[in-house]
Amino acid sequence: MGASLPSQQIEPTKAADAVEYVIDIVKLCKRFARRGRAPQGYTTFKAALLSFFKSKKDLAVVREEPKAFGIEDLTLRIPKGASVGLIGRNGSGKSTFLKLVTGIYKPTSGEVNVKGRIAALIELGAGFHPDFTGRENLMLAGIMHGLTREQILSRYDEIVEFAELGHVIDEPVRTYSSGMFMRLGFSIAIHTDPDILLVDEVLAVGDAGFVAKCKDRISELRKAGKTLVLVTHDLDAVERWCDEVIWLHQGEVKDRGFPRRVIDAYRSFIEKQEQNEILSHEHEVIAQVQSVESDAGDPKGARWGSREIEIVSVETLGSDASEKRVYHSDDTMRVKIAYRVHAAQDEVVFGLGVSRVDGLPVFGTNTDIDRIKMPALKGEGIVECDLKRLGLVEGGYTLDVAVHRADGYPFDYHKDAIHFSVRSERREVGVVSPPRAWIINGERSVC
Amino acid sequence: MLGIVKELWRFRALVDALVRRHIATRYRGSVFGFLWSLMNPLCLMAVYTLVFHYYMRFNGGPYYHLMVFAGLLPWIWTSSALVEGTASLVNSGHLITKSLFPAHVLPFVSVSSAMVHFLLALPVLAIFVVMAGLPIPITWLALPVVVIVHAVFLNGVVLALSALNVFYRDVQHLVGNMLTLLFFLCPVVYPATVVPEKWRFLITYNPLAALTQFYQQILIEGVWPPMSGLVYVLLVSLVVGACGVVVHNHYKEKFAEAL
């Protein structure tokens, strides 16, 4: 996957001869030892002692196997002054990548070449000693970043002021809140004149005011030609901040390029995965039910009715008539109910209801309410209902379906028959998302 | 080995801050502070003198308690350096996994902190010597040499043990037990002269036992340590130090993952 997208081709346009790469990674491979019997895969002291005398290469073959969080054959160059966002699901290798770039991890094979001074915010309070005061930690962190005592002292006031920690700087950092940790860490990192700033998700714990200040500072660094690598799940931030996005998946570069495009691809990939998870979970549940072979044993415990007419199956489909569990607000949802008539009935009504996962009823209707004339039913058949524009805000929902008599006598009632998700790029609040337009001074814009 | 010495020098400010902190946090919140670190050798000296000298009528000479004390102080340095140093990498795992922290600094800090305690206790020993009516011998001048040799030895052992302990936590338990054994193999509560000839090699060739003797000789007896013995211990220390560096370097790239 990564190999099919040579990174050089998609890099932001710059004079080809003048590009200087501050991070240059060649065929990087990082595998972690299997955990289990013993770390490193050794079983006994004796084995360990014996293997101590073997060459490292032999060992690598014996004890290392690929696993989650690893990185496979990654070639990646980040030019000077770039602002790169790193996205990917949990365990895709993002943090491993950062640790390799900073040198905390050593690669199993391949090369990591970094030019310039790195300041990394890998994790909250990373490298801080809990019993030391903020001031002592500041000094130590400065030393570890390669500053001299004098340099640290000359910047001390500025660092503390930026972190807004003047009042607690002489308290041990174990008493700090996560926001304080982040402020101190970030403040130290940007005051060490980094050429490359690596930020792993930590900005999330800052309050709005401080995050704004950090962002100003990062903008300044970028103007000064520094390189930024941002790892986050906040896709909006990535889009705003980065001029290039790298999508890691299972330790490989799945895609790389302009933020909008890569983020869209990533989002739809995630939705597909989510849908597959929901479907495979349903299949498991169905398999369980069938193995128990008892219609009273619905796993959700909510099916009732006399079964003169039985609901045989329920599906939700997309506009292409394939099974679907993850929708967008604007999508059409087709609910497909298969029924079987055991004893012919009059006044049959099919109904459906949507609730939010927390149980809040969102919408409900049936063929009677919608004044649909039901023909006489016999044998087997299918009833479908198109919800033409779902119009729900992002979240998890459940679908109930039912067949009953007009007076309410239940033939078959399925509560929580289907779980589905709605995804949206908009951040509306509430439950429903009606189609709308804004008219500002007579100028109309549809959204 | 030179590489690691250079690295330590580069991070001297860090080492300095960590050692200070290590000592300060140990006695935080206690009224008598540093005095507590003297209690342990004083109590042991009192008990050993009572038991061996008075109860068992063991004739260790008129200055038995001084010999015990002079042996106990370096022993306590050894034992706390080994116990804390072995666990040092594991205990500071968060520094190694989350930041680019120079791991070899940590065992060095453990050895150095324990050494500071040892050095600070020496004036007390001097007071005891004076109180016993003895002169402070000129051989105290040899102290820096013995201390340096001792420090090289401890650093080598701790560098290796702390690295191994990252992968096998058994090591720290093993060390605790071995120390009990080692204590009685060193001539602290008995003079080396009571050891029968056929067992004497246990004292002569055990660098820790030899060091114990050196301390007793220079601090109490006013005897210069034998050159051959000193050279032997120095060589052993250098070899142990080098081995420590090799073992540490062999494992150091895996620390961040194993912790």
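Which residues does A:Asp170 touch, not counting residues up to four places away in sequence? Hi everyone, let's start there. Leaving those close sequence neighbours aside, A:Asp170 makes contact with A:Thr133, A:Gly134 and A:Arg135. Please keep in mind that this is a predicted model.

Where does that aspartate sit? A:Asp170 lies in a loop of chain A, between α6 (149-163) and α7 (178-190). Is A:Asp170 buried or exposed? A:Asp170 counts as exposed, because it has 11 C-beta neighbours inside 10 Å, and the cut-off for exposed is 12 or fewer.

Now let's step back to the whole chain. Chain A has 447 residues, and 32% of them count as buried. Its secondary structure comes to 10 helices and 20 strands. If you take the contacts in chain A with a separation of 6 or more, 73% of them are between residues 24 or more positions apart.

On to the partner chain. The contact between the two takes 22 residues from chain A and 17 residues from chain B. On the chain A side, the elements giving two or more residues are α4 (94-102) and α5 (134-144). Which element gives the most to that side? That is α5(A), with five residues. By class, the chain A side that touches chain B has 12 nonpolar, four polar and six charged residues.

Conventions:
Residues numbered from 1 in each chain as written. Chains lettered and ligands numbered in written order. Predicted model: local features only at pLDDT ≥ 70, side-chain atom pairs only at ≥ 80, totals over all residues. Helix = DSSP H or I, 4+ residues; strand = E, 2+ residues; numbered from the N terminus. Buried ≥ 20, exposed ≤ 12 C-beta atoms within 10 Å, placed from the backbone. Contact = placed C-beta atoms within 7 Å. Nonpolar A, V, L, I, M, F, W, Y, C, P; charged D, E, K, R; others polar.
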